[in-house]
Amino acid sequence: MTIASRPAAGVLEEVRLSIHHRHGSRHLSDALGSPAGPLGALAGLPDLGGRHLSDLLFLDTETTGLGMGAGTLVFLVGVGRFEAGSFVVRHFFLEEPDREGDFLDAVLDHIGRAPGLVTFNGRRFDLPQLETRLILNRRGPCLPGISNLDLLPVARRVWKLRLESRSLSSLEGHVLGFVREDDVPGWLVPSFYREYLLTGNRGRLKPVFHHNLRDILSLVTLACHLGAWADEAAAGRPPAGAHPLEMVGLAHACEAAGWGPQSTACYGEAIARGLDAPHQHRTRERLGRVYRRLGQHDAAATVWQQAIAAGSPSPVPYVELARHYERVRGDLTQALAVVNAAIDRLDLSSLQRSALSRRAARLCRRMGMSGRQPAY
Amino acid sequence: MPLQEVLDELARGKSARNVTCWRTLAGRPARLAPFPSWLHPSLNAAMERRGITSLYSHQAQALEAIARGENAVVVTPTASGKTLCYNLPIVDHVLRDGSDRALYLFPTKALSQDQLAELKDLCGSELNLKTYTYDGDTPRSARTAIRSAGHIIVTNPDMLHTGILPHHTKWLRLFQRLRYVVIDEIHQYRGVFGSHLANLVRRLKRVAAFYGARPQFILCSATIANPAELASRLIEEPVTLIDESGAPTGEKYFILYNPPVVDRELGIRRSSLLEAADLATRFLRAGVPMLVFARSRLATEVLVTYLKRAAAGILPGVGEAAVRGYRGGYLPHERREIERGLREGKIQAAVSTSALELGVDIGQLDAVVMAGYPGSIASAWQQAGRAGRRTGSSVAVLIADSSPLNQYLVNHPDYFFGRSPEHGLINPDNPQILAGHVKCAAFELPFQRGESLGAAPVDPILEQLAAAALVHRGPERWHWMAETYPAEEISLRSASAENFVIIDVTQPTARAIGEVDRFSAPLLLHEEAIYLHESDQYQVEKLDYPEKKAYVRAVSVDYYTDASSAVSIKVLARFQDDPSRRPGRSSGEVLVTSLPTMFKKIRFGTHENLGSGPIRLPEEQMHTTAYWLYLSEEAYSGLRPEELEAGLLGVANLLVHIAPLYLLCDVRDIRSVVEVRSPFTRLPTVYVYERYPGGVGFADKLYELHDELLAGCRELSAACPCADGCPSCVGPASEVGPGAKRATLSILRAGSKDRLRQLTGEPRS
Ligand SMILES: [Zn+2]
């Protein structure tokens, strides 16, 4: 790692790392061969096809307040980029708030030509905050034109069941194999800048720069991790190393991105790898519904039958299966049998019970019978 | 005609002697003016659809002034079509240029909702105009669209303060094209609230200027003494006054009614509530549609119960449903339903708290009964204005309670019917209020060196904020650098940042319902105190003094609490002095030290003392402004020391109660202290100080009004039928001391004789 001071206008510090640098359980070079398209698509960004993750800029900001608003300054913008065998992180630093315009020009100049940014919560925090500063300095609004691959929404879905917290530091510890030592907690960062403004001593900000550098390196490895999974999932191959609960999360992310078939593969694989009963039931419900939406009615029916066979305590598989018999197969007798089975077997709330009874009565009426009849 | 029957009975029956004044206000035909030729054809069509074929003269004047690019303040009575004064020109403008924007400010969310309904009705679906309310209830999902697409944003000052200005970059579209700002109900923006609002307007103009916009202001006010002055102080720009209503009115009777004395010695009168109930029952029996206003939530409930019972007996078949409460907290559609009921005659009587504003259209009612003076002449006229037919007669009856102010008013109808004497006063440069908004403004945009916030220079404040490490001083500009969010820390309804928070624990989930400034907290939030919030009563269960939190629970009691404290006052600087008056007058800056001692429970209406208790809390200090008067030696030479003290207390009591006639303020906004021998004046002195740190301008106005105030005090105490002081004049003898009334009059008469001598040039003996 080499550190250069004031290598360019507006850049206070430039950290150059070998692409073989190891951050947690990955090397930065992992990004070189990783296609950006699938992860981009998973994050709702369709225009990254043909790019690699290493073509993107990795951006993270530090601000003077934890909330938003016109009075919160962005005082540090760290931008990491792959350049000819190195990974270079440039720290743009607001040395004097009066010269914020120059600072922002330097940042814009650097990020404006990139094919896209990678951030963690950039959509709701870093970029709106930067946009506010640009507007206040009569340079904005100008950021909507930049593609931003925000990893947070994807990470939230993927690790929703597996991890209690989906913060970057939690992901580092549980997923990326990286443990932060002597790091500044995020909520303390603003006070470091205040102290700098009061004393003029930049040396005190070293821990903040270091914090920002590590955030950016984690962004790279997190993008690689998610990128690899997205790539496999896109090809219909559920990733081998994922925990079943991560697999459910990944399936959920696929579903949210409109990847129906890919999501069914992941849901199915998660069930196959073994989930505890409650997750298994819930996952089957999701899987069955996706199949139904995809028009794969037989596959859906199989899932509902499996759910019932596995002892699902919820009426959903019964209702769905009854609907299937009624609407797809036109087999009212079977439909009624399924509804009656639910009424007989399940421990139902009175609301659920009356809904099922109404359904049974309606089926009976359609069959020209009255009241509840045993199924033959 | 049924109304006439009730009036005849009132004029000739046994209650006739309680009527202190009966005025007949002549009706007036409409003064009409044509729609201006420039009005957009679709607006013309929209008006025609609503059956409006011409404007009232004041509406036409407002439209012209606004078309000339002037700021305007419109002062007109209730139900005179004031909203068209701003809606027409603004909608017209937006129809021509859809990228221009307008911001409407109403003091409450309920009024914003009313306004939105009005605008939607005017625009209909065919005019492509997007109007939205933006307040705490606006769903998060809708906010982005509102920010970028709304032509007219209807909001309240608190939301502008914490939700819009600090995030102005998200409101780019609004601020870049902000063409009009409407501020309605400006008579409500006086004192502390008004001083905050003026600073909020300064911030709004500053942010708009950053985006290159310079909005035109349209303001509306109820009748007060100085609407144009208040308006131009609020926006710091000249305004055109439009105050001659062209709306038609029918003949109207205005009756001032004083309940009979039931205990002459103690000066206790029959409860105003009972009198109101009796009178309302008479209207009910005669089938006269009416509104009844009461001063508290409890009084409202009592009246509703009473009238429902009466209705059940009088109106068989309809019964109780003919009487409805009309309370705060009702949703707009519930209010609309009651208003429709009143309009269509299904509801015959609605009982409302004074605090509640009514919606835009409750139709034409025949009678308004006010149980107690609503606190200001402006609001009394607003309430009375709810009765009134375009043709045919209507009546408003004001029933006095036994407080000195009520008593003064019913006995001095000229105050009521003359030009409104109440001044809306604000002091945008109050140091604490200004400093708070400088923080907010620095958060919103960096300050250039030498820049000011409105008319106020701010570099000295910024120096202090820099010393406290809240702002950073750059070579050219000041930048906010603290992590905190200043607007969240500043409440527009109180002066100091060090507020006590009031937490309602009635429901399982506690919620904050209000704040009280630090100096007043011991007096308003001591344990067992009854705290009034939007006319709901709460009792303080626990005051956590170090944490500045008061825990309260909703109650329904027939008394309020009044705390007393040992107050000492120290004059720090004298701004004005005039020893030539008798008594002499001064105003200046003071340090008030207050040690709470005890509280009393006082019954509503009769002001009886129902018991008392001690308060054990530490003393508080406050810098504020005060007005004081001091006696010359000859004025008190004939009085024994205890008589002198009683007399001074009597004068102080009267002053505090009379002052709200001249200032748009509450009796609680000012307080008094007497000193038999003041260390500062070395003479017997009565101080009236402002209860808000730094003051909002009351003291200076009282200094100016010195002679009128004393004349009012004199008349009130001389006319009071009590033997030696009562709650309706100088205070009960048991509290201010025996001989108080005589001593008070002697002090006040000495002044008037002296004044007479001065006026006639007769030499003093
Ligand atoms: Zn009296």
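Analyst: One definition before we start: helices here are DSSP runs of H or I with at least four residues, numbered from the N terminus. Going by that, Glu643(B) sits in helix α22 of chain B, residues 641-658. Keep in mind that this is a predicted model.

User: OK, is Glu643(B) buried or exposed?

Analyst: Glu643(B) is buried, since its relative accessible area is 9% and the cut-off for buried is under 20%.

User: And what is Glu643(B) in contact with, leaving aside its neighbours within four places in sequence?

Analyst: Gly638(B), Arg742(B) and Ala743(B).

User: Switching to chain A. How do the axes of α4(A) and α7(A) cross?

Analyst: Helix α4 of chain A covers residues 151-158 and helix α7 of chain A covers 206-234; their axes come within 11 Å and cross at roughly 55°. That makes the two helices oblique to each other, and the crossing of α4(A) and α7(A) is left-handed.

User: Which residues meet there?

Analyst: On the α4(A) side you have Leu151(A), Val154(A), Ala155(A) and Val158(A), and they meet Leu219(A), Leu222(A), Ala223(A), Leu226(A) and Trp229(A) of α7(A). By class, that contact has 9 nonpolar residues, with no polar and no charged ones.

User: What about α6(A), which of its residues are buried?

Analyst: Helix α6 of chain A runs over residues 189-199, and its buried residues are Val189(A), Pro190(A), Phe192(A), Tyr193(A), Tyr196(A) and Leu197(A). Looking down the axis of α6(A), they fall within an arc of 160°, so they line one face of the helix.

User: What covers the buried residues of α6(A)?

Analyst: The cover includes β5 (57-63), β6 (74-83), β7 (86-93) and α7 of chain A, together with β22 (471-473) of chain B.

User: And what comes just after α6(A)?

Analyst: Gly200(A), which takes a positive phi of about 75°.

User: Back to chain B. Where is Thr131(B)?

Analyst: Thr131(B) is in strand β6 of chain B, residues 131-133. With 5% relative accessibility, Thr131(B) counts as buried. Setting aside neighbours within four places in sequence, Thr131(B) is in contact with Leu116(B), Leu119(B), Lys120(B) and Ile152(B).

User: Last one: where does Leu342(B) lie?

Analyst: In helix α13 of chain B, which spans residues 332-344. Leu342(B) is buried too, with a relative accessible area of 4%.

Key
Residues numbered from 1 in each chain as written. Chains lettered and ligands numbered in written order. Predicted model: local features only at pLDDT ≥ 70, side-chain atom pairs only at ≥ 80, totals over all residues. Heavy atoms only, no water. Axes fitted to C-alpha atoms, helices over the stretch in contact; angles between N-to-C directions. Parallel < 35°, antiparallel > 145°, perpendicular 65-115°, else oblique. Left-handed = near helix turned anticlockwise from the far one by under 90°. Contact = heavy atoms within 4.5 Å. Nonpolar A, V, L, I, M, F, W, Y, C, P; charged D, E, K, R; others polar. Buried < 20%, exposed > 50% of the residue type's maximum accessible area, 1.4 Å probe, protein only. Arc of directions from axis to C-beta.
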